[in-house]
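Visitor: I am new to this structure. Could you walk me through it?

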Amino acid sequence: MAKAIKHTSPSSIPRHVAIIMDGNGRWARRRHLPRFAGHRAGLQAVRKTVRACAEHGVEVLTLFAFSSENWRRPKEEVGLLMNLFLTALEREISKLHENNIRLRIIGDTTAFNAEIQQRIVDAETLTQNNTALQLNIAANYGGRWEIAQACRRLATAVQAGELTAEAIDPEMIQQHLSLAHLPEPDLFIRSGGEQRISNFLLWQLAYTELYFTDLLWPEFDEKAFAAALDSFASRQRRFGRTGEQVEAQTQV
Ligand code: IPE
Ligand code: IPE
Ligand code: MG
């Protein structure tokens with residue numbers, strides 16, 4: 001068995017955690033409840049996770065709330081999810097603000113109704129100078145959409161003569177993505193037992209540590225979060241280097 005390497009340096013706490021909150025529907029079905037009851041219960045898990053991040057000193061939390069593919073769900077479920085999103089924005093924002101948390105919504109928000117779009121602007125504006133946890137909610141988000149829109153912006157700049165095609169490199173693409181100003185995710189968590197990315201942060205996850213749990217999202221709590229952090233702390237991140245190189249580096 002491979003020996004677990006325990007890191008006690010500050011980097012054993014991830015700066016940025018990104019989560020696919022999956023399993024709400026199955027949680028509800030097991031209780032013979034409508035799927036929506038699972039989404040409502042999922043909101044409680046969001047609150048616990050935000051609190052846990054603040055307690056552990058995580059700087060950035062990105063949560064996948066609604067994917068660009070989730071429009072394919074039954075109309076009724078999509079409608080209920082939109083309502084939940086709207087009421088959550090209304091109800092949670094003052095508490096987030098009190099806790100010095102900055103909220104950003106990433107994704108194509110133009111698809112949402114005018115009321116939701118206004119709430120998003122209000123919530124982002126209210127919390128824009130907050131310096132504690134940076135909370136990003138991915139809503140109508142798709143990793144491919146995000147990369148495509150970065151390419152579109154760069155192509156427009158080339159067309160306008162502001163940029164040459166040769167100057168485009170990975171850093172430049174990265175600068176045109178939604179989370180450009182924030183550190184890349186160190187730890188990715190997916191609840192609900194599936195082991196896939198489902199079009200989440202495709203670009204940003206290039207070197208992220210992946211963690212999957214069978215817990216359904218409404219069951220996810222402080223203990224589950226701590227278990228994910230423990231798993232993260234036991235990993236050696238090599239970024240292409242050898243294990244020996246990394247060990248030599250951490251000894252200095
Ligand atoms: C995740 O839970 C929440 C959203 C995608 C909005 P699901 O609704 O996907 O739950 P399962 O996968 O059906 O259990
Ligand atoms: C991913 O969950 C999206 C969110 C959690 C918002 P899904 O339940 O939609 O993912 P797939 O379709 O099973 O891959
Ligand atoms: Mg699902």
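Guide: Gladly. This is a predicted model. Start at Ser198, where a polar side-chain atom lies 2.6 Å from an oxygen atom of ligand 2. Taken alone, ligand 2 exposes 390 Å², and the protein buries 78% of that.

Visitor: How far does a polar side-chain atom of Asn70 lie from an oxygen atom of ligand 2?
Guide: A polar contact is a pair of N or O atoms within 3.5 Å. Asn70 brings a polar side-chain atom to an oxygen atom of ligand 2. For Asn70 the distance is 2.9 Å.

Visitor: Which strand gives the largest share of the shell around ligand 2?
Guide: The residues around ligand 2 include Phe64, Ala65, Phe66 and Ser67. The largest share of the shell is 4 residues, from residues 60–67. That stretch is strand S2.

Visitor: How many charged residues does the shell around ligand 2 have?
Guide: Asp22, Arg73, Arg190 and Arg196 are among the residues that surround ligand 2. By class, the shell has 5 nonpolar and 3 polar residues. Its charged residues number 4.

Visitor: What kind of space does ligand 2 take?
Guide: Ile20, Met21 and Asp22 are among its surrounding residues. The space taken by ligand 2 is the largest pocket.

Visitor: Which residue just after H2 takes a positive phi?
Guide: Helix H2 has 22 residues, 35–56. From first C-alpha to last, H2 reaches 32 Å, close to the 32 Å expected at 1.5 Å a residue. Just after H2 comes a positive phi of about 80 degrees, taken by Gly57.

Key:
Residues numbered from 1 in each chain as written. Chains lettered and ligands numbered in written order. Predicted model: local features only at pLDDT ≥ 70, side-chain atom pairs only at ≥ 80, totals over all residues. Heavy atoms only, no water. Near = heavy atom within 4 Å. Polar contact = N/O pair within 3.5 Å; in protein donor to acceptor, adjacent residues only side chain to side chain. Areas by Shrake-Rupley, 256 points an atom, 1.4 Å probe, with all protein chains shown as cover. 1 Å grid on protein atoms, 1.4 Å probe; cavity = no way out; pocket = protein on both sides within 12 Å on 5 of 7 lines; lining within 4 Å. Sits in = over half its atoms within 2 Å of the grid points. Helix = DSSP H or I, 4+ residues; strand = E, 2+ residues; numbered from the N terminus. Nonpolar A, V, L, I, M, F, W, Y, C, P; charged D, E, K, R; others polar. Expected span 1.5 Å × (residues − 1).
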